[in-house]
Amino acid sequence: MPREKFKTLTEQMFYLLLCLHQECGGVEILEMVRKMTEGRVTIGSGTLYDLLEQFRAEGVIRETRAEGRRRSYLITDKGRQMLDREYERIRCQAHDYQRIFGKEAPS
């Protein structure tokens, strides 16, 4: 049986979708992810545009504007649900860590 597409998200996928809570384009996303994560997470431009196309094809994001080669996107309800599920999965992992080690994760 084939693996469900986007059942879990990579860090790059998570932050890309997080950026699209507001309309923005590819170059803006690259900069937002870098700033948001203080450089901990980066997305290569090839990966970014591949993910944008996959997410658009799956209805996770929608294209809002096209001016020449520049495109802008926004997360859809389906994408927000996917992001919410991933957040809950990560939160549960952090809870398990705290339960096992009895403390907050190191910063």
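## Helix α1 against helix α3

Let's start with two helices that cross. The axes of helix α1 (residues 11-19) and helix α3 (residues 45-57) come within 11 Å and cross at roughly 70°. An axis here is a line fitted to C-alpha atoms, for helices over the stretch in contact, and the angle runs from 0 to 180 degrees between N-to-C directions. That makes α1 and α3 roughly perpendicular to each other. (On this scale, under 35 degrees is roughly parallel, over 145 roughly antiparallel, 65 to 115 roughly perpendicular, and the rest oblique.) The crossing of α1 and α3 is right-handed; a crossing gets that name if the near helix is turned clockwise from the far one by less than a right angle, and left-handed if anticlockwise.

Who touches whom? On the α1 side you'll find Q12, M13, L16 and L17, and they meet L48, L51, L52 and F55 in α3. Contact means heavy atoms within 4.5 Å. Sorted by class, this contact has seven nonpolar residues, one polar and no charged ones. (Ala, Val, Leu, Ile, Met, Phe, Trp, Tyr, Cys and Pro count as nonpolar, Asp, Glu, Lys and Arg as charged, and the others, Gly among them, as polar.)

## What you're looking at

A quick word on the model: it is predicted, so local features need pLDDT of at least 70 and side-chain atom pairs count only at pLDDT 80 or more, while totals for chains, interfaces and linings use all residues. Residues are numbered from 1 along each chain as its sequence is written, and side-chain values use heavy atoms, with hydrogens and water left out.

The protein has four helices and three strands, and from the N terminus on they run α-β-α-α-β-β-α. Helices (H or I, at least four residues) and strands (E, at least two) are DSSP runs, numbered from the N terminus. The C-alpha trace spans about 55 × 35 × 20 Å along its principal axes. Of the 107 residues, 31% count as buried, and buried means under 20% relative accessible area, with exposed over 50% and partly exposed in between (1.4 Å probe, protein chains only). Among contacts between residues at least 6 apart in sequence, 50% join residues at least 24 apart.

## Helix α1 against helix α4

Back to α1, which also crosses helix α4 (residues 77-101): their axes come within 10 Å and cross at roughly 130°. So α1 and α4 are oblique to each other, and α1 passes α4 in a left-handed crossing. Here F14, L17 and L18 in α1 meet G79, M82, L83, E86, Y87 and I90 in α4. By class, that's seven nonpolar residues, one polar and one charged.

Which residues of α1 are buried? They are M13, F14, Y15, L16, L17 and C19. The cover over the buried residues of α1 includes β1, α2, α3, β2, β3 and α4.

## The sheet

Now for the strands. Three of them form an open sheet in the order β1-β3-β2, with antiparallel pairing. The edge strands are β1 (24-25) and β2, and each pairs on one side only. Two strands pair if DSSP finds at least two bridges between them.

How many bridges join β2 and β3? There are six, in the antiparallel sense.

## Loops and positive phi

The hairpin of β2 and β3 has two residues between the strands, and in it G68 takes a positive phi near 65°. R69 lies in the loop between β2 (61-67) and β3 (70-75). Is R69 buried or exposed? R69 counts as exposed, because its relative accessibility is 84%. The C-alpha atoms of R69 and I43 are separated by 19 Å, and these two are 26 residues apart along the chain.

Another loop, between α2 (26-36) and α3, holds E38. E38 is not a glycine, yet it has a positive phi of about 55°. For background, most residues other than glycine have a negative phi. E38 is also exposed, with a relative accessible area of 76%.
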